Amino acid sequence: MTSPLLDHLISRIRSDGPLTVADYMRTCLLHPDHGYYQTRTVFGADGDFITAPEVSQMFGEILGLWVLDRWAHMGRPSPFTLAEFGPGRGTLMADMVRAIYADPAARDAAQIWLIEAGSRRKAEQADAVNGAHWGTSVADLPAQPTLVIANEFFDALPVHQFIRTGGVWAERMVGVDRDHRLAWHLGPAGATSALIPKSCQSDCVEISPLGRQIMSEISGHIAAYGGAGLFIDYGYASGAGDTLQAVARHGFVEFLSDPGRVDLTAHVDFAALSDAAAHKGLSTYGIADQGAFLMALGIGFRAQSLAKGQPTDKQAQILADLKRLTAPDEMGTLFKVLAVQAPTVPPPPGFEP
Ligand code: SAH
């Protein structure tokens, strides 16, 4: 199978040598013309994968209540920024905003920002969310108290992958084989390998310099202007090894297959994100399991009130959605939640003390 992006990748590798996994991911996901997030209808039942906000409105509503609670504990600053990183179709922000705007003072105070790298996603997001502002990085956000939300954002950022053989770290790369196909290749470990923890037990480790950088920028902003952040993703607290995944049409496919037409992710290294926030002086909470977090915030009650008076098939659907978001064998434990806050803000709900 051939495609413009595959041709582009092969000629780049021919002229410059094998690509790091991070380079490969960046190109496949965000190439201006052929990148996965630029071109495709990727989310939802008719796309390649379904995310929590696309499962049910309850997810965004509960996160909206978390935001409202944090805003109250920050002393109800006006104005304040509510920023979402990687907003996809805009569904999560639309559901959050509905819950937040139940408080008229919050409605007047909130300024909505969507931080999005996929330039062609804006039209769909504008349909979902009224009156939003767009940016591509933390630097675009106004200098005022800020609450940040990101769901399945950090897993979309490129990672480097390192393999230890005979006590020496090498870097996993993408090259071209004799049959002109993309193929795995092991090269000398690049400069990013300096970030591998000395205590690393595993012989395979993934590092996302961009993820750390963005978390550090978000945390610096919150430290300077006040606020909090909530980050939900599938990830780990330490040492997960090889977590690279490619998904198309709700199933796993080979990582190097069909570049630009399949979703590429890596599980999120929450310890690295939490360290980046702590380094900027923020308090960190978690990681909690998504299921326990949502239940502690009352998603069960929300499901009950949504189901009340509905026909039985609708009630069954609401119950199935609740289970999908919270059950341990579905999204409940695979997905983790990290909160970071300015140290003056009291501890957030949803986390074990
Ligand atoms: N949060 C949404 C979508 C998750 S998919 C949901 O839960 O449904 C990842 C999102 O991050 C997409 O909107 C993608 O375009 C965006 N994205 C990917 N890399 C990015 C980057 N480097 N900066 C900003 N946004 C990015």
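**Figure 1. Burial and overall dimensions of the chain.** Of the 353 residues of the chain, 54% are buried (under 20% relative accessible area; exposed is over 50%, partly exposed in between, with a 1.4 Å probe and protein chains only). The model is predicted: local features need pLDDT of at least 70 and side-chain atom pairs pLDDT 80 or more, while totals for chains, interfaces and linings use all residues. Residues are numbered from 1 along each chain as its sequence is written, and side-chain values use heavy atoms, without hydrogens and water. The secondary structure comprises 13 helices and 16 strands (DSSP runs numbered from the N terminus; helices are H or I with at least four residues, strands E with at least two). The C-alpha trace spans about 65 × 45 × 35 Å along its principal axes.

**Figure 2. Helices H1 and H2.** The axes of H1 (residues 4-16) and H2 (residues 21-30) come within 11 Å and cross at roughly 150° (axes are lines fitted to C-alpha atoms, for helices over the stretch in contact; angles run from 0 to 180 degrees between N-to-C directions). H1 and H2 are therefore roughly antiparallel (over 145 degrees; under 35 is roughly parallel, 65 to 115 roughly perpendicular and the rest oblique). Leu5, His8, Leu9 and Arg12 of H1 contact Asp23, Tyr24, Thr27 and Cys28 of H2 (heavy atoms within 4.5 Å).

**Figure 3. Helices H5 and H12.** The axes of H5 (residues 57-73) and H12 (residues 299-307) cross at roughly 125° and come within 10 Å. H5 and H12 are therefore oblique to each other. On H5 the contact is made by Gln57, Met58, Glu61 and Ile62, and on H12 by Ile299, Arg302, Ala303 and Leu306.

**Figure 4. Two cis peptide bonds.** The bond from Ser78 to Pro79 is cis, with omega near 0°. Pro79 is in the loop between H5 and strand S2 (80-85). A cis bond also links Gly286 to Ile287, with omega near 20°; Ile287 belongs to strand S15 (residues 283-289).

**Figure 5. Two histidines with positive phi.** His180 has a phi near 65° and is placed in the loop between strand S7 (168-176) and strand S8 (182-188). The relative accessible area of His180 is 52%, which makes the residue exposed. His250 has a positive phi of about 65° and lies in the loop between strand S11 (245-248) and strand S12 (251-253). His250 is partly exposed, at a relative accessible area of 45%.
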